[in-house]
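Please read it alongside the sequence and the model.

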Amino acid sequence: MAKTAIVSDKLADKFKTEKETPYTRWVAAEGLQIIDGIYVPDLNTVELRPWARRGGNAVFINHDGSRTSNDCYVMEIAPGGKLAPQRQMYEEMILILSGRGSTTVWNDKGARITFEWGPGAIFGIPLNAQHQHFNGSGSAPARFCAVTNLPPLMNIYEEPEFIFGCTHDFAGRFNGEPDYFANKGEQKGLLLETNFVADAVNLPLVDAKERGAGGGHIRFQLAKSSMNSHISQFPVGTYKKCHRHGPGAHVIILSGEGYSLMYPEGEEPTRYEWKPGSLITPPNMWFHQHFNTGTTPARYLAFKHEGVAIRNAQGVPKAWISQRIGGDQIDYADESAAVRSMFSDALAKYGMTPKMDKAYEAELADLPPLA
């Protein structure tokens, strides 16, 4: 029996007034809704509502497990249209889902930069920098998905006038540098320091065998944000190691087809099918695992709050460390037999077989002994 932690109405009523927050009340006051973000089959077709503040249509995506750490929203710019200028005392990372256009960013000193974007582009909005998005097409809408750390800021200050009306320039974040949004960056280990990636779908990755399946990985810190993000890819007929971490990692599928399993410790996993445009947001400390059942490599982008990355004393995320030594990643050798049989059955429907033997064997070289 699933452990849902649902209690009696009598007990729930005692906490009813604490369920809503300044953030959720602000979203409602903006005329928008928050839809459940654990699983959204397709961000490209999710229904939107008019957002007067921004001059476009939008919806917020979140769930109770991450509502106080960070959030997500999808927004669309009408053909030939533009959004209203905005500045904000919170950080934001953007993925362009469809369409082409441009964004202008400026500060109170008068420095102004404009850059163009298309499908698959990702970039960060510098903290409290004024900015405006433009649709470059007169016939098709442009749609993007953004992850922000607005919830804790709104819950602290409770004043939209301050969050959207503060006139301080954070020169250390953005000072009008001409190449600020250039498609370049410095690679430091797995971390690529950049503010703009033109094509996340085809960006070269770094080998990351620690996550299993012979996949690639790259990490970002966009616009010097306290939030971070990463891209992972894994080959045909393979799957990633199961792991868990804190709340608020918004996993957006960029390419490939497959499914993910998610579950809190001690419960049976739930299966979520995905394709390009799907969103999966694992709740706090839920185990999750991604499987490629398609005919091409599978790639996803994860936008997240840094608090997601619970780290050890060396600064390594525990989601990368074996449970055998106190981490939060389940080694292939320790996973349930049902995981492998489900994956084999899923591939068999398309006349394919798992290609995991090399990954299983490669793990043994560094596999810690069982306690």
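## Aromatic pairs

In this predicted model, the count of aromatic pairs comes to 24. One of them joins tyrosine 23 and phenylalanine 60 in an edge-to-face arrangement, with 6.4 Å from centre to centre and 80 degrees between the planes. Tyrosine 23 belongs to helix 3 (residues 22–29) and phenylalanine 60 to strand 4 (residues 56–62), so this pair ties together parts that lie 37 residues apart in sequence. Tyrosine 23 is buried, at 0% relative accessibility, and phenylalanine 60 is buried as well, with a relative accessible area of 2%.

A further pair, formed by tryptophan 26 and phenylalanine 164, is stacked: the centres are 5.7 Å apart and the planes are at 20 degrees. This pair also links distant parts of the chain, since tryptophan 26 is in helix 3 while phenylalanine 164 is in the loop between helix 5 (160–163) and strand 12 (186–188), 138 residues apart. Tryptophan 26 is buried at a relative accessible area of 5%; for phenylalanine 164, also buried, the value is 13%.

## An aromatic cluster and charges over rings

Tyr23, Trp26, Phe60 and Phe164 come together with Trp51, Tyr73, Tyr90 and Phe144 in one aromatic cluster. Elsewhere, the charged end of arginine 340 is placed over the ring of tyrosine 360, at 3.7 Å from the ring centre.

In soluble globular proteins, nonpolar side chains tend to be buried together. The largest nonpolar core here has 36 residues, and those with the most contacts inside it are Trp26, Trp51, Phe60, Trp117, Phe123 and Phe144. Two or more residues are contributed by each of helix 3, strand 4, strand 5 (71–77), strand 6 (92–98), strand 8 (112–117), strand 9 (122–125), strand 11 (142–148) and helix 4 (150–157).

With neighbours within four places in sequence left aside, tryptophan 26 is in contact with Trp51, Arg53, Phe60, Leu150, Met154, Pro160 and Phe164. Another core, of 28 residues, lies apart from the largest one; its members include Ile61, Val147, Ile252 and Leu279.

## Cysteines

A disulfide is a covalent bond between the sulfur atoms of two cysteines. A search of the whole structure finds 0 disulfides. Cysteine 145 takes part in none, and the nearest cysteine sulfur, belonging to cysteine 72, is 3.5 Å away. Cysteine 145 is buried at 0% relative accessibility, and cysteine 166 is buried with a relative accessible area of 16%.

## An enclosed strand

Why is strand 23 (residues 287–292) described as largely enclosed by the rest of the structure? The reason is burial: 6 of its 6 residues are buried. Both faces of strand 23 are covered, with Phe287, Gln289 and Phe291 buried on one side and His288, His290 and Asn292 buried on the other.

Strand 20 (residues 258–263) is joined to strand 23 by 6 bridges, and the two run antiparallel. Within this pairing, leucine 261 stands opposite glutamine 289 of strand 23.

Methods. Residues numbered from 1 in each chain as written. Predicted model: local features only at pLDDT ≥ 70, side-chain atom pairs only at ≥ 80, totals over all residues. Heavy atoms only, no water. Phe/Tyr/Trp six-rings, centres within 6.5 Å; stacked < 30°, edge-to-face > 60°. Helix = DSSP H or I, 4+ residues; strand = E, 2+ residues; numbered from the N terminus. Buried < 20%, exposed > 50% of the residue type's maximum accessible area, 1.4 Å probe, protein only. Lys NZ or Arg CZ within 6 Å of the ring centre and 35° of its normal. Core = buried A, V, L, I, M, F, W, Y, C linked by side-chain atoms within 4.5 Å. Contact = heavy atoms within 4.5 Å. Disulfide = S-S within 2.5 Å. Pairing = 2+ DSSP bridges.
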